[in-house]
Amino acid sequence: MSSTTDSTGQAGSPPFFSKHATVAAPGFSRWMVPPAALAVHLCIGQAYAFSVFNGPLTKVIGITQSAPGDWSLTTLGWIFSLAIVFLGLSAAFAGKWLEHVGPRRTMFTAACCFGGGFLISAAGVWLHQIVLLYLGYGVIGGIGLGLGYVSPVSTLIRWFPDRRGMATGMAIMGFGGGAMIAAPLSVALMNHFKSATSVGVAETFVVLGIAYFISMTIGALTIRIPAPDWKPAGWIAPDTSHKMITRNHVHIDRALTTPQFYLVWLVLFLNVTAGIGILGQASVMIQESFKNTVTPAAAAGFVGLLSLFNMGGRFVWASSSDKLGRKNTYSVFFVLGAVLYYCVPSFATSGNIALFVLSYCVILSMYGGGFSTVPAYLADLFGTAFVGGIHGRLLTAWAAAGVAGPVLVNYIRAYEVAHGVAKADAYTMTVHIMTALLVVGFICNLLVKRVDAKHHMSDAQLAAER
Amino acid sequence: MENANHTTRQPSAARLIVFWAYVLIPLTWGVVNTLTQAMKLFG
């Protein structure tokens, strides 16, 4: 490992935010790294809870009810959409930069963007300028989301070569759990700040922006990367000559020329598409499927249960993939998912709420598991040197599924209802299409093979990149 | 390690516990809140 030299040629400490300054000292406990990653992911997971602001934001002028000039839900919907688009774009384009500068600078930049995005949005609410909300939370906050999402993942993979799935599962579980903290916290803050002249959103944005900045910065300051030759005490890399797990490394740009990258892209896209549309429609779907049986309050409980399984699945499935293997884990997602989707309409028709709820809980656990298992899948295929950047580029599949999933569910349902199908039966066609998508995903996953050795970097190329 | 002098000291067990508590306490609070709400489905 090299230290830095100043202009006089004397050795000196590297800049605090540089990659070299974050290399851990011998004896550093790798168990300090997951909380650092969680400190970031628990914050950015707030994105899933942004909808709690939608109602109050439609009454910024009228306070108790919407007044002329107040924003509509359609106008506000673009804030979240922009954030997700910029999450995907920043993760895709900043991947190379992330590998170059290391996780501390990336995570701190994410903290500045995400926290700063809230502050700009607060100004937007005060001034009643929607453009500032688009710019603040949508664009700048979205960039913070993308950088924050990918930056700790590759670091964790390097610290836990023996348990890659479990390590990434822990961090990405935080993204699922962040909304569970943010939703009740945001509601409590808005209730605290609301007055005769304010709905309390701007003040809540300021508090959240500062809190998230501090929390993410703590994560950035505590993250460490292992020395290149570090490995867990007593751990010997298993013989992987006959498996898909490589000990070599593929350059981030070279990875994009391999069929494996596009097959895994499709695997993630199809797995996410099958879950994301249901997540957005869960409350309406259970009420329409069990009319006069499930109340709106019970439907909200169903949504909460799905969130828990979405979060838990991220840890449980990714951890089990360390034993099962990534390819087998995705095969389980696609086979079990297709069977459950195929059976769900019959559970609704027969009035079996328990099996209906259980099926969707398992489906959502596999939706979450798909997100958390994929970084380890990429590390197995392409090595760990550029896995952060490759993962970032793969997340474009998430952005694409974010459009495809809800469109499939909403438009097909609307088409069915417009053609005289009863609302309770309108989801049957949708879930059968989901079943077909999962079968396609299963085939794509089957086609994933070990990456050809011609794509591997030589030791000299690797050293030059480092 | 040449750069060992500008990296961290070894974390103590107490420091490890504080860090884990820092993330697990709010996460547990959120999970309990969500679970309480989810129970309405069975109520």
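Helices here are DSSP runs of H or I with at least four residues, numbered from the N terminus. Everything below describes a predicted model.

**Ser121(A) and its surroundings**

Is Ser121(A) buried or exposed? A residue is buried if 20 or more other C-beta atoms lie within 10 Å of its own. Ser121(A) has 28 C-beta neighbours inside 10 Å, so Ser121(A) counts as buried. Leaving aside residues up to four places away in sequence, Ser121(A) touches Leu132(A), Leu133(A), Gly136(A), Tyr137(A) and Phe205(A).

**Ile245(A), a residue in a loop**

Ile245(A) sits in the loop between α8 and α9 (252-255) of chain A. Its count is 20 C-beta neighbours inside 10 Å, and a residue with 20 or more is buried, so Ile245(A) counts as buried. Gly325(A) is 80 residues away from Ile245(A) in sequence, yet their C-alpha atoms are 9.4 Å apart in space.

| Helix pair | Axes come within | Crossing angle |
|---|---|---|
| α1 (residues 33-44) and α6 (residues 130-159) of chain A | 9 Å | roughly 160° |
| α15 (residues 396-418) and α16 (residues 427-447) of chain A | 8 Å | roughly 140° |

Take α1(A) and α6(A), whose axes cross at roughly 160°. That angle makes α1(A) roughly antiparallel to α6(A), and the crossing is left-handed. On the α1(A) side, the contact is made by Val33(A), Pro34(A), Ala36(A), Ala37(A), Val40(A) and Ile44(A). The α6(A) side brings Gly144(A), Leu145(A), Gly148(A), Tyr149(A), Pro152(A), Thr155(A), Leu156(A) and Trp159(A). Sorted by class, the residues of this contact are 11 nonpolar, 3 polar and no charged.

Now for α15(A) and α16(A), whose axes cross at roughly 140°. These helices are therefore oblique to each other, and their crossing is right-handed. From α15(A) the contact draws on Leu408(A), Val409(A), Ile412(A), Arg413(A) and Glu416(A), while α16(A) supplies Tyr427(A), Met429(A), Thr430(A) and Ile433(A). Here the residues divide into 6 nonpolar, 1 polar and 2 charged.

The contact between the chains takes 27 residues from chain B and 36 residues from chain A. On the chain B side, the residues touching chain A comprise 16 nonpolar, 9 polar and 2 charged.

Chain A has a mean pLDDT of 91, and 97% of its residues reach 70 or more. Where in chain A is confidence lowest, and where is it highest? The lowest mean, 40, belongs to strand β1 (residues 4-5) of chain A, and the highest, 98, to helix α8 (residues 201-222) of chain A. Over residues 1-10 of chain A the pLDDT is below 50, and this stretch has 16 contacts in the model beyond near neighbours in sequence. Where pLDDT is low, the predicted coordinates should not be read in detail.

Definitions and conventions: Residues are numbered from 1 along each chain as its sequence is written. Chains are lettered from A and ligands numbered from 1 in the order in which they are written. This is a predicted model: local features need pLDDT of at least 70, side-chain atom pairs count only at pLDDT 80 or more; totals for chains, interfaces and linings use all residues. Axes are lines fitted to C-alpha atoms, for helices over the stretch in contact, and angles run from 0 to 180 degrees between N-to-C directions. Helices (H or I, at least four residues) and strands (E, at least two) are DSSP runs, numbered from the N terminus. Angles under 35 degrees count as roughly parallel, over 145 as roughly antiparallel, 65 to 115 as roughly perpendicular and the rest as oblique. A crossing is left-handed if the near helix is turned anticlockwise from the far one by less than a right angle, and right-handed if clockwise. Two residues are in contact if their C-beta atoms, placed from the backbone, lie within 7 Å. Ala, Val, Leu, Ile, Met, Phe, Trp, Tyr, Cys and Pro count as nonpolar, Asp, Glu, Lys and Arg as charged, and the others, Gly among them, as polar. pLDDT is the predictor's confidence in each residue, from 0 to 100. A residue is buried if 20 or more other C-beta atoms lie within 10 Å of its own, exposed if 12 or fewer, and partly exposed in between; C-beta atoms are placed from the backbone.
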